[in-house]
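Hello,

The structure you asked about is below. My notes on it follow.

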Amino acid sequence: MSKLRKLTDKIKPAFEKGGKLSFLYSTFEAFESFLFVPNRVTRSGVHVRDSVDLKRVMTAVMIALVPTLLFGIYNIGYQHDLASNAGMEFWEMVWFGFLKILPLYLVSYIVGLGIEFASAQLRGHEVNEGYLVTGMIIPLIVPITTPLWMLALAVAFAVIIGKEIFGGTGMNIWNPALVARAFLFFAYPSHMSGDKVWVAGVDGFSGATPLAQTSEGLSSLHYSVSDMFFGFIPGSVGETSTLAILLGAAFLIYTGIGSWKIMLSTVVGGLVMGFIANLAAPSYDCAMAIPAWYHLIMGGFAFGAVFMATDPVTSAQTEFGKWIYGFLIGVLAVIIRLFNPGYPEGMMLAILLMNTFAPLIDHIVVGRNIKRRLKRAKTV
Amino acid sequence: MSEQIRLKKGLDLPVKGAALRKISMTVVPDIVALKPTDFRNLTPKMLVKEGDVVKAGSPVFADKKNPDILFTSPVSGTVDAIVRGDKRKLLEVRIKSDNSGSAVKFDVPTGFFIDRESIIKTLLESGLWPCIKQRPYGTIADPSVTPKAIFISAMVTAPLAAELDYVLEGEFDAIQAGLTVLDKLTEGGVHLSLDASNAEAGSFNKFEGVIYHYFKGPHPAGNVGVQISHISPISKGETLWTVDLFLVAAIGKLFRKGVYDMSRTIAVAGPEAVNPSYVKCCAGVSMEQISDLFNFAHGDIRIISGDLLSGKAVGREGFLGFFDNLVTVLPEGNYYEMFGWIKPFRLKKFSFSRTYFSRLLPQKKYNMDTNTNGGERAFVLSDVYGKVLPMDIYPVYLFKAILAGDIEKMENLGIYEIIEEDVALCEFVCPSKIEIQSIVSEGIDLMIKEMS
């Protein structure tokens, strides 16, 4: 047996019931099960268990996020370089981006995991691994210039109000990462949108996102389709590169963790609403007239559809319900983008709204199953 | 031939150690046990004392709620011990066999006298009545009820299960006699489900007086509950009966020869079984007597009467269950594995999920052990359960209704249609490691309590 295992066994009694440090048992358990798959065996029911557990599932989601994170880091540097005309080399841009995003990650994980550990400890539960993903997503969906104290507040709000008061991972109604973003958006709107927040390290630089530009119509858009698809545009850290997001989507769909039904129906919903807007557009150069498929590569649409709408806890849970849920997210996101005067992005609110309605959709779908069953009982 | 029913959802567990089709041992029973815990919701009433002499077929205990339902000794000998657990709950009645072969001779109705009542009376007296289970709930059938129909599965999909065409070789006539008898107990006929890809095996497709159904698909397609849900789903207020095919053979032997014959051929299988193969023995045989087939060399092992999804861990001192014709031997998984959950490959571990690579190696068999592979969490991934449950049921909603103790919702969501074995795969694939079969047991117990 390894030395580490011996050490763990040696200190374990102190954390167990009656031990001196028993009040820290959840914390100890979290670290122990992080290091070692526990030696626990099945007690009742099935005698063998699948090798997958939530740690593995969450790890897979994090792997899916890696391409967007890597590209986001590069793009932070790239946008800075563009704005400041610094003439940076590739690795300089990457290093710049890394230094900019590192503090956001430190704050996200320290605050978020701190609260997770504390609440697990209070309840005497094992620490749930759900925050590993939430904590990875939050820095990806905020502007890189977000002040750290705001981020800390938002994370605390999301974990406590968004998740723990409902009972923790698995019980929450809204996607916790989006709750954090919504908190920032409504509490500090000037730091979350507008033209001045997207580029790090250049004070007062005005770099509008494609979404903001197209609110005036297609002729105001200064980015090419390929820039938007590959991600060389200003925006929240992880949302800019549709290509990187597609890589993540492919991995999520292959592993079966992200629902392809939700992703597909969200895209279809966005396209349908976009086409309707095209048909109804009053002129050839206004927000409603931008080609429907532009919505898919601008702003947070793709990121939201792949990583946030598909959250298994807060999305619709019935297979048929997923189609409705995703479709309505797509439709709503585009509606909010086009018909709300204040803010160009609509994905966050669309997902949060449909998170709220997901239980209702499921209720209706399950209700049909119940009706079928009752009808059968009557006809017999 | 009725149409083939194809089920897509489900999973055949690729576990090592399937039994080869050969008899490696014939057990002359020494101590056998009759276990009231094999029957759901049974309160036994003892009819013998320690030291009493019994014959094969002599009553040992009865059902307190319906004293006509008798449980009889599978062998002749003396009552060796009456084992009780907490609160004096009766766990086992152990009988030491004298192998004299003396058996109670039952008066079996024949020809003109065979009617529903005489059949039920004979089955009750002989101790074979408890072979018949009732749906909903999977309790012992109530003899005063006429069931809508009787369902039997001749399709085997459970992991490592005994192959019925092999263990019932030469029992064709006994099974036919049993089926004919059962047909008299219901108006709706006896429904026999076969594996569509192997329907000829054991000439199971040649019985007379039964209604055939053909299924195709992975486990749990062989579960009689799953088959019922595709043939004639159970609604509130209905009662169906189910019987295991090898117990139909026992019923047939009773009506042909007038004796209680509980001899059976069982499979001994699993990663820690020595030469996985078949054993001729009888109901209630002790594990000690077949322990030569268990491999103790690799450390702790678990001995399970039944399959590794729904069987009971009985240990070396335990006994074969009344309804079981399989003993599964698994290594215990009581070890730590450093960074196991994050290792990318872990090629020795099987997973239904594609976060591992085992789905890419469909031919590979695994040395599965009893490690839980993770800690218990709340329901998070809600769509994995439906992938292994080929029934028109929303499993997570049903489980949550049970946890909430909401009777009406449980009814509406299909509690009548399932028993534990039908959702065993949901429990296997659950990444949150929730004890789903225990939840369903509690739900069924609650329904029995509230609806009686």
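K433(B) sits in the loop between α8 (424–429) and α9 (436–451) of chain B, where helices (H or I, at least four residues) and strands (E, at least two) are DSSP runs numbered from the N terminus. Its phi is near 60 degrees, a positive value in a residue other than glycine. K433(B) counts as buried because 20 other C-beta atoms lie within 10 Å. The cut-offs are 20 or more other C-beta atoms within 10 Å for buried, 12 or fewer for exposed, and partly exposed in between, with C-beta atoms placed from the backbone.

This is a predicted model: local features need pLDDT of at least 70, side-chain atom pairs count only at pLDDT 80 or more, and totals for chains, interfaces and linings use all residues. Residues are numbered from 1 along each chain as its sequence is written, while chains are lettered from A and ligands numbered from 1 in the order in which they are written.

N41(B) also has a positive phi, near 60 degrees, and is not glycine. This residue lies in the loop between β3 (31–34) and β4 (44–46) of chain B. N41(B) is partly exposed, because it has 15 C-beta neighbours inside 10 Å.

Chain B has cis peptide bonds to check. One runs from R135(B) to P136(B), with omega near -5 degrees; P136(B) is in the loop between β10 (133–135) and β11 (139–140). Another runs from H219(B) to P220(B), with omega near 10 degrees, and P220(B) falls in the loop between β14 (211–216) and α4 (224–231).

Now chain A. Its secondary structure is 16 helices and one strand. Of its 380 residues, 51% count as buried. The C-alpha atoms occupy a box of roughly 70 × 70 × 35 Å along the principal axes.

Last, the contact between the chains. It takes 48 residues from chain A and 64 residues from chain B, two residues being in contact if their C-beta atoms, placed from the backbone, lie within 7 Å. On the chain A side, the elements giving two or more residues are α2 (25–35), β1 (36–37), α3 (54–84), α11 (242–255) and α16 (347–379). β1(A) pairs with strand β21 (residues 337–338) of chain B in the antiparallel sense, over two bridges; strands pair if DSSP finds at least two bridges between them. In that pairing, F36(A) stands opposite M338(B).

Regards
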